[in-house]
Amino acid sequence: ENTANGASVLLSNSSGDDNSAYGASALYFNKAGSNATAIGTRAMFYANSSATPFTNYNVAVGYEALRGSASAVANTGNSNTAVGYQSLFSNTTGNDNTAQGISALQSNTTGSNNTAIGKFALNSNTTGGNNTAIGRFADVTDGALTNATAIGYNAKVTASNKIRLGNSAVTVIEGQVAYTFPSDGRFKTNVSEGDVKGLDFIKKLRPVVYNFDTRKFDAFAKSGMPEAQYAAYTETGYRAATAIRQSGFIAQEVEQAAIEAGYNFNGIHKPENEQDHYSLAYSQFVVPLVKGMQEQQEMIEEQQLEIDALKKLVEQLIKDKK
């Protein structure tokens, strides 16, 4: 129940069944793999080049899509879908990947459960898993990240368990309603008021106004990126984003302020690898600000009581003098 159409298509097949191959040398080395669909010249070329272990349920559409490696024992993994020129080109044992676009997931070897949509999307991923990239050149900066998401043209995510929206040229991220956090008391444990630092922390902060060098930032993040990809990456227009006068804090200073105040503050993201960078979650500053206002209000109320007592004392002294 195999279908072969083209020169040297399914040439090595011995026991594989339910395969469909169209295009010169498609599924060329397949021996025992089954339920594969390969459309395009050398699509799944090295798939199942060894009799065992063999892989199944793969779909490759495009020139050298899911081509595999001559040196790998097992090739192309299971249940992968690759659509586009050299998409999932290097895959050997990675499973359940979806790549759509020219060279999408091109460098992936053993990474599994990744989704890449767009030209060169997740191109740098090699062994990382459960990553998502949507957009032309949307990618990771390290090939071994997990659960990382990059959305938008040239969006680069720098750490595991992180989401990046857009590239450094983006000037507005907009939504119809405010972003919300899950905050249900039924799921909160180890609740403590005393661990929140207010004035001790806030007084150490230095609010500043600044410009952010987006070109320099992208040059830092591009480390290890293929040259062809970086050439397109630098086409991004930086002028508008860099010209914005930002108001905020400097993350390293906030980190030091938290250390000095003895505050385990979760509004700071510290670099997790050489390509990662500091960032701040400004929404988290609301909690110490509220705490600081409460502490200040207590001081005001105490001072008011003292003022009232002094007023009464003065009034009494005036009466006694009369």
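Modeller: Lysine 162 is buried, its relative accessible area being 17%; buried means under 20% relative accessible area, exposed over 50%, and partly exposed in between, with a 1.4 Å probe and protein chains only. The model is a predicted one, in which local features need pLDDT of at least 70 and side-chain atom pairs count only at pLDDT 80 or more, whereas totals for chains, interfaces and linings use all residues. Residues are numbered from 1 along each chain as its sequence is written, and side-chain values use heavy atoms, with hydrogens and water left out.

The position of lysine 162 is the loop that runs between β11 (156-157) and β12 (163-165). Helices (H or I, at least four residues) and strands (E, at least two) are DSSP runs numbered from the N terminus. The side chain of lysine 162 forms a polar contact of 2.9 Å with the side chain of threonine 158. A polar contact is a pair of N or O atoms within 3.5 Å; within protein, one must be able to donate a hydrogen and the other to accept it, and residues adjacent in sequence count only if both atoms are side-chain atoms. When neighbours within four places in sequence are set aside, lysine 162 is in contact (heavy atoms within 4.5 Å) with Asn147, Ala148, Thr149, Val157, His269, Asp276 and His277.

Helix α5 spans residues 251-261, and its buried residues are Ala251, Val254, Glu255, Ala257, Ala258 and Ala261. These residues line one face of α5, because they fall within an arc of 165° when seen down its axis; the arc is that of the directions from the helix axis to the C-beta atoms. Just after α5, glycine 262 adopts a positive phi of about 70°.

Helix α2 (residues 214-221) can be described in a similar way. Its buried residues are Thr214, Phe217, Asp218 and Ala221. They are on the same side of α2, because the arc they cover around the axis is only 95°. At the start of α2, a side-chain oxygen of aspartate 213 comes to within 3.4 Å of the backbone nitrogen of arginine 215. Threonine 214 has a relative accessible area of 4% and is therefore buried. A polar contact of 2.6 Å links its side chain to that of threonine 242. Beyond neighbours within four places in sequence, threonine 214 is in contact with Ser168, Tyr238, Ala241 and Thr242.

The nonpolar cores come next. A nonpolar core is a set of buried Ala, Val, Leu, Ile, Met, Phe, Trp, Tyr and Cys residues joined through side-chain atoms within 4.5 Å. The largest one has 29 residues, and Leu27 and Met44 have the most contacts inside it. Apart from it lies another core, of 14 residues, which includes Leu205, Ala251, Val254 and Ala258.

Three further loop positions deserve mention. Serine 34 lies between β2 and β3 and is buried, with a relative accessible area of 10%. Not counting residues up to four places away in sequence, serine 34 touches Gly16, Asp17, Asn19, Thr55, Asn56 and Tyr57. Its C-alpha atom is separated by 63 Å from that of glycine 198, which is 164 residues away along the chain. Serine 8, in the loop between β1 (3-5) and β2 (20-22), has a positive phi of about 60° although it is not a glycine. Arginine 42, in the loop between β3 (37-39) and β4 (59-61), likewise has a positive phi, near 55°, and is partly exposed at 27% relative accessible area.

For the chain as a whole, the secondary structure comes to six helices and 16 strands. The radius of gyration is 29 Å, whereas a compact globule of 322 residues would have one near 20 Å; this radius is taken over C-alpha atoms, and the globule rule is 2.2 Å times the number of residues to the power 0.38. The C-alpha atoms fill a box of roughly 120 × 45 × 35 Å along the principal axes. Of the 322 residues, 41% are buried. Among contacts with a separation of 6 or more, 23% are between residues 24 or more positions apart.
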